[in-house]
Amino acid sequence: MIEIKNLHASVDGKEILKGIDLTIRPGEVHAIMGPNGSGKSTLSYVLAGRDGYEITEGSVSFFGKDLLAMEPEERAAAGLFLAFQYPVEIPGVANTTFLKSALNAIRKQRGEPELDAMQFLKLVREKTKALSMTDEMLKRAVNVGFSGGEKKRNETLQMAVLQPKFAILDETDSGLDIDALKIVAEGVNALRSPERSMLVITHYQRLLDYIVPDHVHVLAFGKIQRSGGKELALELEKNGYAEFGVNEAA
Amino acid sequence: MATTTLTKAPRGYDPAAAKPFLEQLDRVKGGLPGGGLSWLDGLRAQGRARFAELGLPTVKNESWRYTNLRTLDKLAFQPATDAGDDVRFDVLPTVRADGATGPRLVFVDGRFRAELSSTAGLPAGVELLNLADALTRKPDLVAGHLGRIAAPDDLALVALNTAFLADGPVLHVPRGVTVEETIELVFVSVGSEAQPTAFHPRGLIVAEAESRAVIVEHHVGLGSCTTLSNGVTEVFVGAGASVHHYKIQREQADAFHLSHTAAKVAGKGVYDNFILTTGAKLSRNEVRSVLDGEEGDTHVSGAYMVRGGQHVDTTTFIDHAQPCCTSREVYKGVIDDQARAVFQGKIIVRPGAQKTDGYQQNRALLLSDTAEIDAKPELEIYADDVKCSHGATVGELDDDQLFYLRARGIDKATARGLLIGAFLAEALEEIAEESVRDAFQSYVADWQNAR
């Protein structure tokens, strides 16, 4: 599904990713754990196509296509989804308008018929209910006045509506209390399927109690230092990142 | 500079620029409507004298620092002829969703077109007619008002308009009458292939005490000739009356649109002005609202979208002359390419105008590196118990917002459109009349789609 090979990326001339290799197959959930500044968010932004990152080396193949050559909207249409660590507020654009525009833009790029207002409303109502979101949250401007938990639920709602093939969850647990985390995790787990893969990026093991990964990778200093099964997360929780040369207390 | 001729004109004016206009005036003045009425002859003479003294303002004039009218010197504008009377229209602009013709007056190059106009649906006692007709048949209807707010011997362009004073819309709403139908005033700039054409529409709106009216001005262009519209409108808002005065200017690319609107609001009266600008090469909307009685309320707002080499100037003056009045100004503009916008907003709170509540906000969105905005808010406060705030921001489209939308599959152009629309929506929300707001929204969409 996605094959990352020797990926190097820089920001303002400073190399952040120093050769990432990662292959994710359909249905797999991978977790990337790493301390602050290890390059976790850079990896997610590079994959989603944000400006400001220079790819100096390496390649990313997504369903056999060159992901790095695609515009962000083309990546979305191809089935990539980034759940943002900090969902962006967009005053003046209603959440429903945004969701409908996004869904229909993706359907259009895929050559599928666009949904009319009634079809869309039916779909979105069903999804909001599952995430304990209110109609009122749909009417509000995108993420404006949303609490941290509401923003993350809104990200999950978008994922549920857009039905991506590959979702990157960037620090989805940050800023969430345990109840909010459970709701979001349930929403995410409901989307797990043999055709859909996920890359869960997190600093802490806590999230992985709720979204249990098949594979865990440790990212530090711009490289994957170690890979293993879900037990690796527990080990990290116990010992921290010290064995990878990271002094988090500093 | 040593060879410059010394003149006695006030600093910041070019009296030589008056000459071609005055020569034209001398050719047409014999045929101006209402000639022989001494008050009217006097008014025009005052305008002529003042304009002859001043000429056109230059960039040395504080109020015209950012808007240069020198181009007008180089164009030999001629008065509109009756050639425009033959221009036919498939469809005239309207804010009415049903497309039916409500009460409306149509002017082509400043000249009234009776066969396109209608007074259908107006309550008894309401007068809606063109000024030339009023000056000929009912001069008493306008004699007490013309030139009373927009003084003929003050501002150069008002003086020029007054010198040529001939035609334009006149609305008189008697005491206590509510006009349910939206009154539409349609101004079409056509001009002539032969030479640039100038016209000076003069409007008068009188809303007596406790009356109400909604007026929409459409300024559109037909073809691609060079035209100059130098309009003046005076608005009298009686005690407890409310006048909602909306304007959309989308004239042709070679149009010059200069407009001066002066309102005077009596106690508990409401004057609500909103101007949407997308057209003309150079435009300036000067709006002055004097709160002349206690508990008056004025809203002076607008939105503009300009691109290419367009220049749009918004100059407002809100005069809190009496206590306990409120004023609200919200302007938002989108500037692309090499276009330039000017916002000059002055609020004065006179001595004794206590409990004034004034609010001004001016926000611009620059879509290119070469787009420009010059903003000059000015607050002069001579009372001590007032609440006055103003804010100005200039920004670009937010990269994070753009990326967020694109990451959800929305292409770049659509994402930009959504953000621009959202930015302008806040200004359009100032329009209280829903049908007008919807129509103006669609003009915003048209502008975006025209890329």
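Guide: Two residues are in contact if their C-beta atoms, placed from the backbone, lie within 7 Å. This is a predicted model: local features need pLDDT of at least 70, side-chain atom pairs count only at pLDDT 80 or more, and totals for chains, interfaces and linings use all residues. Residues are numbered from 1 along each chain as its sequence is written, while chains are lettered from A and ligands numbered from 1 in the order in which they are written.

Visitor: How many residues of chain A are in contact with chain B?

Guide: Chain B contributes 17 residues to these contacts. Their partners in chain A number 20.

Visitor: Which helix gives the most to the side of chain B that touches chain A?

Guide: Helices (H or I, at least four residues) and strands (E, at least two) are DSSP runs, numbered from the N terminus. Helix H7 (399-407) and H8 of chain B each supply at least two residues of that side. With seven residues, the top contributor is H7(B).

Visitor: How many residues on that side of chain B are nonpolar?

Guide: Ala, Val, Leu, Ile, Met, Phe, Trp, Tyr, Cys and Pro count as nonpolar, Asp, Glu, Lys and Arg as charged, and the others, Gly among them, as polar. Three residues on that side are polar and six are charged. The nonpolar ones number eight.

Visitor: Is Gly240(B) buried or exposed?

Guide: Gly240(B) sits in the loop between strand S12 (227-237) and strand S13 (242-250) of chain B. A residue is buried if 20 or more other C-beta atoms, placed from the backbone, lie within 10 Å of its own, exposed if 12 or fewer, and partly exposed in between. Gly240(B) has 21 C-beta neighbours inside 10 Å, so it counts as buried.

Visitor: Which residue in S5(A) stands opposite Phe62(A)?

Guide: Strands pair if DSSP finds at least two bridges between them. In chain A, four strands form an open antiparallel sheet, ordered S2-S1-S4-S5. Two bridges join S4 (residues 54-62) to S5(A). Opposite Phe62(A) is Lys65(A).
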